[in-house]
Amino acid sequence: MRFFAATTAAVVLSAATASASSDASWDKLFAKINGTCIGESGLDTPEATAPIVFDDATGKVALLLRGTMGKGKVKTRVNIMCLYDKKSGRASIAEYKWLGN
């Protein structure tokens, strides 16, 4: 009976590992998210955080971006949140301000 339980546990654990995404696939997704969010942001000099991955039920990944925006010598420093939908590949952009600033 113990052998059966140990074998079952090994099969379940190996199946969970096999279904996990590889580092390469995560890197590819994160590169796509960065490109999409930075492109949508319109920032001249964008900096991005590491992706903030929400659970699979939401299917969303967020990036916080900061940089400058504007024409000529009038540049405004802005903070932007990008919410990327993994299913559709679309990004939503919104400016945010820190509390107290």
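Biologist: Let's start with Thr49: is Thr49 buried, partly exposed or exposed?

Modeller: A word on the ground rules: this is a predicted model, in which local features need pLDDT of at least 70, side-chain atom pairs count only at pLDDT 80 or more, and totals for chains, interfaces and linings use all residues. Residues are numbered from 1 along each chain as its sequence is written, and side-chain values use heavy atoms, with hydrogens and water left out. Buried means under 20% relative accessible area, exposed over 50%, and partly exposed in between (1.4 Å probe, protein chains only). With a relative accessibility of 33%, Thr49 counts as partly exposed.

Biologist: Which residues does Thr49 touch, not counting those up to four places away in sequence?

Modeller: Thr49 sits in the loop between β1 and β2, where strands (E, at least two residues) and helices (H or I, at least four) are DSSP runs numbered from the N terminus. Its C-alpha is 6.6 Å from that of Leu65, although the two are 16 residues apart in sequence. Contact means heavy atoms within 4.5 Å. Leaving out sequence neighbours up to four places away, Thr49 touches Leu63 and Leu64.

Biologist: Now for charges: how many salt bridges are found in the whole structure?

Modeller: Side chains of opposite charge can pair when their charged atoms come close. A salt bridge is counted when a side-chain nitrogen of Lys or Arg is within 4 Å of a carboxyl oxygen of Asp or Glu. Glu47, Arg66 and Arg77 are linked in a network of such bridges. A search of the whole structure gives a count of six.

Biologist: How many residues apart in sequence are the parts that Lys75 and Asp44 tie together?

Modeller: The side chains of Lys75 and Asp44 form a salt bridge at 2.9 Å, N to O. Lys75 is in the loop between β3 (60-69) and β4 (76-85), and Asp44 is in the loop between α2 (23-41) and β1 (47-48), so the parts they tie together are separated in sequence by 31 residues.

Biologist: In the salt bridge of Lys60 and Asp85, is Asp85 buried or exposed?

Modeller: These two side chains meet at 2.6 Å, N to O. Lys60 lies in strand β3 and Asp85 in strand β4, so the pair ties together parts 25 residues apart in sequence. Lys60 is partly exposed at 25%. Asp85, by contrast, has a relative accessibility of 18% and counts as buried.

Biologist: Which partner does Asp56 meet in a salt bridge?

Modeller: Asp56 is exposed, with a relative accessible area of 68%. Its partner is partly exposed at 27%, and the N to O distance is 3.7 Å. The residue that Asp56 meets is Lys86.

Biologist: On to the rings: what kind of pair do Tyr96 and Trp98 make?

Modeller: Rings of Phe, Tyr and Trp (its six-membered ring) pair if their centres lie within 6.5 Å; planes under 30 degrees apart count as stacked, over 60 as edge-to-face and the rest as tilted. Two aromatic pairs are counted by this rule. Tyr96 is partly exposed at 22%, whereas Trp98 is exposed at 53%. Their centres are 5.9 Å apart and their planes are at 80 degrees, so the pair is edge-to-face.

Biologist: And what kind of pair do Trp26 and Phe30 make?

Modeller: Both lie in helix α2, four residues apart, about one turn of the helix. Trp26 is partly exposed at 30%, and Phe30 is partly exposed at 21%. The ring centres are 5.5 Å apart with planes at 35 degrees, so the pair is tilted.
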